[in-house]
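Please keep the sequence and the structure in view while reading.

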Amino acid sequence: MLNTQKIDKPSVCPLDCPDACSLTATVENGKLIKVKGSKANPFTDGVVCGKVAKYYPDFVHGKHRIMTPLRRTGEKGSGEFEAISWDDALELCYQGIQKGIEKYGSESVMPLNYSGPHGQLAGGSMDRRFFYRLGATQLDRPPLCAGVRSLAYTSLFGSTVAMPQEQAEYSDLIILWGTNTTTSFLHLMKSIKKARKRGAKVIVIDPKRTKVAKIADLYLQIQPATDAFFALAMAAELDSLGAIDHSELKDKVDGLDTYLQHAKAYQKEKIPEICGIEAEQVTQFIDLIQNSKRMSMLVGVGLERSENGGSAVRSAMALSVLLGQFGQLGQGQMGYYSIAYPKTTDKLQRSVLLQKPTRKFNIVDAADHILDRQKAVPVKTVFIYNHNPVCVHPDQNKMIRALSHKDVFVIGCEINMTDSMKYADVILPASSHFEIDDVYAAYGHNYLQRAEAVIDLVGEALPNTEIFRRLAARFGFNDAAFKDSDADLMEQALDLTEATCKENRVKDISPQQAVSLVDKNYIWLSDLLADQDKKVTLYSEALQKDFDYGLPEYKSVESDYPFRLITAAAFERSNSSFGGSITSLQDVDIHTEDAKALGIKNGQKVLLRNNKGEVILIAKVSNDVPQGVVFSAKGAWCESSPNGQSINALLDNTRKTDIGNGAAFYNSFVEIIA
């Protein structure tokens with residue numbers, strides 16, 4: 001008789017999301033049947049998003065799960081494969097990689113990975129060792145997402161940790177700028193609710209009228225990519241009103257006078273025309289921030305996704321400093337916490353294995369590099385793992401052309417049969433995080449968590465670490481670094497000996513309890529300003545040297561197409577994760593007046609197109625976006641559209657952000673056909 005007893009086990013959500021929630025996984029007959037939140041992490045406190053609760057069992061055991069190594073039998077993209085053994089799969093990988101290396105050298109191999117799982121082991125450990133030892137082309141990953149925001153933050157505040165989100169409950173004004181908080185920073189809402197009960201006001205600045213915008217005391221529906229103009233104009237106006245205390249800031253801020261002189265070029269009177277914000281709302285904004293005693297702000301990744309991305313983030317964050325909003329609980333910038341974790345990345349990834357310098361490609365340009373067959377060393381092998389580039393990268397059709405190229409050998413390593421895996425020559429089945437031990441940092445809070453496997457490996461799936469150990473063995477890599485166990489790797493990932501927690505080793509962290517690495521009463525900038533040699537930096541010499549953007553600027557962009565397209569996070573997916581569970585036709589938000597002019601009715605099928613592609617969507621007519629702007633959530637799989645193209649088919653990968661060479665996703669324009 002089968003044991004039908006249900007067992008609850010602790011786990012952690014590894015998705016590319018700020019919150020890294022603690023989970024309770026319910027297992028029956030060796031299968032994951034239910035996922036809910038747990039209280040192991042006091043920050044997430046038993047609450048999880050709907051997608052995690054609804055879709056994880058299907059993600060682990062559903063129809064898309066890859067159960068065995070596969071070899072392609074049909075045309076690339078056909079999805080036709082046959083099951084093979086692990087030995088045969090590893091041999092195919094070896095032979096395919098070696099073919100390119102023998103003719104062009106090891107740089108002919110390019111890994112194509114990003115942030116599928118955020119576990120320290122699954123996300124980047126033995127895999128990085130393998131590619132370093134191989135001498136493969138390196139990948140600059142941050143430009144795809146959040147790298148610009150991080151660069152902007154550190155250019156201002158160095159390596160200081162952001163204000164703990166819990167402190168927002170002490171703020172009397174909370175500004176949510178370019179962040180869909182109920183989708184991407186869900187647990188901040190608890191602090192916001194507490195603050196509002198105390199009388200706090202909330203300002204939301206976003207082109208899309210999000211759920212949190214509907215409860216805001218002031219909602220500014222700003223035109224995309226104009227945030228830098230608005231923030232700089234506000235700095236100039238606040239200075240003219242005497243709201244900026246120069247004498248108080250002079251010993252704490254470098255470049256103050258230069259910044260404010262520069263800001264004078266941005267006039268408040270032009271905000272309605274350029275930013276789409278009414279003059280009366282501008283006055284309300286000024287009154288609220290001038291009268292605030294404890295202002296906190298969360299600047300989301302949304303701001304970085306345009307040609308003015310770095311400038312937008314820098315100028316928005318600078319307002320906190322200009323107004324002297326630091327030094328007390330509930331004052332400061334939220335959202336930058338990675339520095340809190342004592343990661344020993346080089347010890348984990350072992351860049352010392354790289355025997356000579358190799359080229360590095362911007363991940364945003366991956367498809368262009370693959371398609372450039374005139375390179376002295378062309379890309380001959382692409383190794384996709386922890387990533388779904390067909391659904392995530394801009395210019396989807398270019399990526400498909402690249403992965404379909406007859407001279408490119410594609411290896412895939414995945415949990416599910418994603419759109420990207422359909423272009424692989426050989427697929428290696430990866431385990432889900434429920435099947436492995438790992439340790440999890442977060443980028444939305446300061447709690448470190450360890451999780452153990454809650455189910456056995458599904459089918460013939462293996463952890464990423466073991467897959468790359470086996471590949472290393474097949475290539476004859478005998479370095480001691482490839483003999484490390486997962487337990488060894490976990491200790492090499494972080495050094496807790498000088499951390500604030502009582503645990504000295506990662507293995508000492510209980511899966512039942514998250515470990516706090518920063519006091520929730522930490523005062524933002526206190527560590528930076530305690531050092532007499534350090535200041536907040538408003539003028540960045542480094543950014544001036546590298547990008548000619550010592551100061552933030554606003555620049556306009558023209559297009560032959562009438563509508564700017566924005567593609568923020570979906571409530572139902574985490575990037576493209578869970579896209580296989582949602583196959584319905586996706587929505588596109590269109591302003592009422594635009595729909596009227598085009599003769600479009602709510603619920604009608606429409607075609608969005610440009611010179612990159614075309615996508616069929618369902619019109620959602622309202623005033624939730626400004627005129628001239630359309631919105632459709634990112635991450636849908638290609639099967640969600642009748643013509644096999646998702647929204648990323650319309651995005652331009654050639655436009656870059658002002659700093660950081662990031663993907664300017666929102667520099668994409670379309671026309672609408674009813």
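Strand S19 (residues 447-451) is mostly covered, and five of its five residues are buried. Helices (H or I, at least four residues) and strands (E, at least two) are DSSP runs, numbered from the N terminus; buried means under 20% relative accessible area, with exposed over 50% and partly exposed in between (1.4 Å probe, protein chains only). Both faces of S19 are covered: Tyr447, Gln449 and Ala451 are buried on one side, as are Leu448 and Arg450 on the other.

The model is predicted, so local features need pLDDT of at least 70 and side-chain atom pairs count only at pLDDT 80 or more, whereas totals for chains, interfaces and linings use all residues. Residues are numbered from 1 along each chain as its sequence is written, and side-chain values use heavy atoms, with hydrogens and water left out.

Two strands pair if DSSP finds at least two bridges between them. Strand S18 (residues 438-440) runs antiparallel to S19 and is joined to it by three bridges, with Tyr440 opposite Gln449.

## Helices H8 and H13

The axes of helix H8 (residues 227-240) and helix H13 (residues 309-322) come within 7 Å and cross at roughly 25°. Axes are lines fitted to C-alpha atoms, for helices over the stretch in contact, and angles run from 0 to 180 degrees between N-to-C directions. This crossing angle makes H8 roughly parallel to H13, a term for angles under 35 degrees, while those over 145 count as roughly antiparallel, 65 to 115 as roughly perpendicular and the rest as oblique.

Contact means heavy atoms within 4.5 Å. On the H8 side it involves Asp227, Ala228, Ala231, Leu232, Met234, Ala235 and Leu238, and on the H13 side Ser311, Ala312, Ser315, Ala316, Leu319 and Leu322.

## A five-stranded open sheet

Five strands form an open sheet in the order S10-S9-S8-S12-S13, with parallel pairing. Strand S10 (218-220) and strand S13 (332-334) stand at the edges with a single partner strand each, so one side of each has no neighbour in the sheet. On average, neighbouring strands are turned by 15° against each other, direction ignored.

Within this sheet, strand S8 (residues 173-177) and strand S12 (residues 295-299) pair in the parallel sense over five bridges, and Ile174 stands opposite Ser296 in S12. Helix H12 (residues 279-290) packs on the sheet and touches S8, strand S9 (201-205), S10 and S12; the direction of H12 makes about 130° with that of S10.

S16 is mostly covered, with six of its six residues buried. Phe409, Ile411 and Cys413 point one way from this strand and Val410, Gly412 and Glu414 the other way. Five bridges join S15 to S16 in parallel, and Tyr385 has Cys413 as its bridge partner. S16 also pairs in the parallel sense with strand S17 (residues 426-429), over four bridges; Glu414 stands opposite Pro429 there.

Helix H17 (residues 396-404) is mostly covered as well, with seven of its nine residues buried. The buried residues of H17 pack against strand S6 (109-113), helix H15 (366-371), strand S15 (381-385), helix H16 (389-392) and strand S16 (409-414).
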